[in-house]
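Here is a quick tour of a model, written for someone who likes to know the cut-offs behind the words. Have the sequence and the coordinates open while you read.

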Amino acid sequence: MKTSSELESLLGVNLPDDYKEFIDSTGYLALGNISTEVYGYELGWSIDKYPCVVATTKLNKEIYQLKDNEIVISEPGYDTFLTVLNTKTGIVENVNCVGIRKKVANSFFDWLAKIKAENDAAA
């Protein structure tokens, strides 16, 4: 079984193709220059602890009023908002704890390219 297939089963959602590709090829990413983690999943990980996307989604679902089709892919370290991926539309948004949303990318790979560029620029 592919890692992304197991993750879909654990989350109970169908993941966008670009996020599935990330899970199957990378699993998790830490960008040290900008202190940002891209949450993911690797076989054998505890699903109850960070940086597992299952844990981050479950732990923040009520606080941030997340929809059933949203998963938490990053907490940029500001403790004021999360970065979430809408598994139906593929859109990436920042969401704060009072429900204010700001679209930051049209897809996971677009968002990932942006934060990788920020990380490279901060080197």
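A residue counts as buried under 20% relative accessible area, exposed over 50% and partly exposed in between, using a 1.4 Å probe and protein chains only. This is a predicted model, where local features need pLDDT of at least 70, side-chain atom pairs count only at pLDDT 80 or more, and totals for chains, interfaces and linings use all residues. Residues are numbered from 1 along each chain as its sequence is written, and side-chain values use heavy atoms, with hydrogens and water left out.

Most residues other than glycine have a negative phi, and most peptide bonds are trans. Helices (H or I, at least four residues) and strands (E, at least two) are DSSP runs, numbered from the N terminus. Ser35 is not a glycine, yet its phi is positive, and Gln65 is another non-glycine residue with a positive value.

**Helix 3 and its cover**

Helix 3 (residues 53-60) has 6 of its 8 residues buried, so it is largely enclosed by the rest of the structure. The buried ones are Val53, Val54, Ala55, Thr56, Thr57 and Asn60. What lies over them? The cover includes helix 1 (3-11), helix 2, strand 3 (70-74) and strand 4, where contact means heavy atoms within 4.5 Å.

**How the helices pack**

Two packed helices are described by the angle between their axes and the distance between the axes. Here the axes are lines fitted to C-alpha atoms, for helices over the stretch in contact, and angles run from 0 to 180 degrees between N-to-C directions. Angles under 35 degrees count as roughly parallel, over 145 as roughly antiparallel, 65 to 115 as roughly perpendicular and the rest as oblique.

Helix 2 (residues 17-25) and helix 4 (residues 108-121) have axes that come within 8 Å and cross at roughly 55°, which makes helix 2 oblique to helix 4. Asp18, Tyr19, Glu21 and Phe22 of helix 2 meet Phe108, Phe109 and Leu112 of helix 4. That contact has 5 nonpolar, no polar and 2 charged residues; Ala, Val, Leu, Ile, Met, Phe, Trp, Tyr, Cys and Pro count as nonpolar, Asp, Glu, Lys and Arg as charged, and the others, Gly among them, as polar.

The axes of helix 1 and helix 2 come within 8 Å as well, crossing at roughly 120°, and this pair is therefore oblique too. Thr3, Ser4, Leu7 and Glu8 of helix 1 touch Tyr19, Lys20, Ile23 and Asp24 of helix 2. This contact divides into 3 nonpolar, 2 polar and 3 charged residues.

**Asn86 and the cysteines**

Asn86 belongs to strand 4 (residues 81-86) and is buried, at 12% relative accessible area. A polar atom of its side chain lies 2.8 Å from the backbone nitrogen of Lys88. Beyond its neighbours within four places in sequence, Asn86 contacts Pro16, Asn69, Glu70 and Ile91.

With a disulfide taken as a pair of cysteine sulfur atoms within 2.5 Å, the count is 0. Cys52 is buried at 0% relative accessibility, whereas Cys97 is partly exposed at 41%.

Key. A polar contact is a pair of N or O atoms within 3.5 Å; within protein, one must be able to donate a hydrogen and the other to accept it, and residues adjacent in sequence count only if both atoms are side-chain atoms.
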